[in-house]
Amino acid sequence: MKTPVYLSAMALLASCASTPEKFTYPEAPADATTDTYFGTTVPDPFRPLENDTAANTLAWVEAEREVTENYLSQIPFRDNLRKRISSFNDYAKQGTPWKWHDGKYYFSKNDGLKNQSVIYRSETPDGADSEVFLDPNTLSEDGTVAMTGLTMSKDGKYVAYTISRNGSDWTEIYVVDAATGKPLDDHIEWAKFTSAAWYKDGFFYSAYDRPEEGKEFSNANENHRVYYHKLGTPQSADTVAFEDKANPLHFHSATVSDDERCLLVFVGGQGFGDGVIAKDLTDSAAKWVTIEPSQDYEMNFVDLIGDDLYFLTSVDAPRNRLVKMPLKSPGRASWVTVVPEQEGVLVDASRSGNDFILTYEKDASMHPALYTLAGEKKSDIALPTYGNVGFSTSDKSDEVFYSFTSFLYPSAIFSYDKATGESTPLFSPEIAGFNADDYVTEQVFYTSKDGTKVPMFLTYRKDLKRDGTNPVYLYGYGGFNVSLPPSFSANRLVWLENGGIYAQANLRGGAEYGEEWHEAGTKQKKLNVFNDFISAAEYMIEEGWTTPDHLVIEGGSNGGLLVGAVTNMRPDLFKVAIPRVGVMDMMRYHLFTIGWNWASDYGTSADSPEMAEYLLAYSPVHNIKNNGTTYPAIMVTTADHDDRVVPAHSFKYAATLQKADTGDAPKIIRIDSKAGHGGGKPIGKVIDEYTDIYSFIFHNLGITPKK
């Protein structure tokens, strides 16, 4: 292995216009491995990096960390940037309250820079007499144990909570006495993609077999079963409530209706939607009945009202509708439409007393409304501006609470009066040093390569001039039926206050306009997503906002794939690229952990010669140019406990970049420790990560940020 060679701090910190930075990267472990796909031989020289526990991989990781830290530590404003990002994050945050089976109100709260938010409970929804119920910060010294969910037994006596360690998708379940907070002995391990669905004196949950030691975060996961755990018994005594041996790659998650009459199991993993089966828990001889046999449609359970199940579904409605069906015979033939498909996309439905609250997405922004149980619209629910909203409701009460957020609006909590239509603030955060009135958000529509109109949000200082010199941070995702509505990020404020424009493009592949929009960015239409993103950058240039020398692109996971792909396609268009935890090897992604689950969006290299050829043509790791073409400055990010998009993707991509002839701009990789795909990351690690991201960006744009 080569020893990294570094230049002096003075040379390293030369401006972008002066002598380019140069240093030698570590030699990655490599071999002569090749794969053959329908007669096409594809080299995979960095295959050894897939073994993330091998000694030579670990040595390479440490060498890369040394290179990256040496580079970043010599940026003179890095420490000041960390302080500024910390100050923006140091504000009180609070979640939407919910009333639970014990009659008390619960909510999450973070006073500022706690690594994890604390769960409080109170006799009143305003939390005036609140007390700490569960504090996840006590579960680890460094905040790397995150609480990922909690549920209460129907009698209000017990609370089960799920945790993740180091950002992994692996889940553990613990139980406490609701009245005293005293922990019980119950402990569930090797669960995944699950909550605790209470039924009588126990709960249903989903888990895999104990994985092979040393391969917990890389091997493919198979045989996801639903178990029933009775309180006071060991996990080894848990019984299998549902399994499907014929389909080992399916996911199975359980839900129990509030009245404990119905057990629902959602079946996913090989489609973008869910199949659903149900069992009547009041009949010991009841068999499973099928509600939806395929995984081709969205199926969201809303409530059991009387003898009817209510679902939000995309069956025969690409933009979704609300339907009901009898519990005894819930097959498609018995479905009755309660609220038909509308112009907007129905993204959420919840029961509130004798009403429904339905939330529609229109042009990537949320628009909620109040409906009767019979499906008649009563009124719209007015929001402060376009943004995102989440409701807390109950079938036993008319109380309604909601959270609202937008690009310039940190999450605020309101109570909503259904009778008057008025919203009353319960919690409004304030951030020192940030005045939302100094900024503006607008929505624009630009034309993609094939003529499709694509929406994009732009947020920037009101006094910004359209003179072509503005730095632009372009963000996208474009996949898996995931929308990008307006959202707030305290980390992003350092970009805005330094004259940057934040541009968020709503690419095809997402859910912004229903299933047709999603399908237009999948499989052999995936290039639509990349072209949408490239067209967004071109729009910002053509409209006089910026130039390629001021353009930054970023995306995570499927968005990391997006950044890697468009950088290969148009390296001339961007100055800096940040592919985070990306899916970079499209030929082998389906062979790791739950990668096979993404085939409904991507297709796989084993599907057909045409699919393999299509994937190979854009796979980021396979299409890096090696002919002197100038690439932007690139910082790849990943984490050692990412068992969703395994770090091998980023390892192989970074090693290929560093070996290729792509010009002198830095190509480094930031490998986080005791962290995963991103969920539950402690605030301290979030601040560290964004300090490094923005330090890298500002430095390579030649900008010294304000203190």
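Arg78, Leu81, Arg82, Ile85, Ser86 and Asn89 in helix 3 meet Ile683, Ile687, Asp688, Tyr690, Thr691, Asp692, Tyr694, Ser695 and Phe698 in helix 11. Contact means heavy atoms within 4.5 Å. The residues of this contact split into seven nonpolar, four polar and four charged. This is a predicted model: local features need pLDDT of at least 70, side-chain atom pairs count only at pLDDT 80 or more, and totals for chains, interfaces and linings use all residues. Residues are numbered from 1 along each chain as its sequence is written, and side-chain values use heavy atoms, with hydrogens and water left out.

Now the geometry. The axes of helix 3 (residues 78-89) and helix 11 (residues 683-701) come within 9 Å and cross at roughly 130°. Helix 3 and helix 11 are therefore oblique to each other. Angles under 35 degrees count as roughly parallel, over 145 as roughly antiparallel, 65 to 115 as roughly perpendicular and the rest as oblique.

Next, the strands. All six residues of strand 13 (residues 202-207) are buried, so this strand is largely enclosed by the rest of the structure. Buried means under 20% relative accessible area, with a 1.4 Å probe and protein chains only. Gly202, Phe204 and Ser206 point one way from strand 13; Phe203, Tyr205 and Ala207 point the other way.

Strand 13 has antiparallel neighbours. Three bridges join strand 12 (residues 197-199) to strand 13. Tyr199 stands opposite Gly202. Strands 12 and 13 form a hairpin with two residues between them, and Lys200 in the turn has a positive phi of about 55°. Six bridges join strand 13 to strand 14 (residues 225-230), also antiparallel. There, Ala207 has Arg225 as its bridge partner.

Conventions:
Axes fitted to C-alpha atoms, helices over the stretch in contact; angles between N-to-C directions. Helix = DSSP H or I, 4+ residues; strand = E, 2+ residues; numbered from the N terminus. Nonpolar A, V, L, I, M, F, W, Y, C, P; charged D, E, K, R; others polar. Buried < 20%, exposed > 50% of the residue type's maximum accessible area, 1.4 Å probe, protein only. Pairing = 2+ DSSP bridges.
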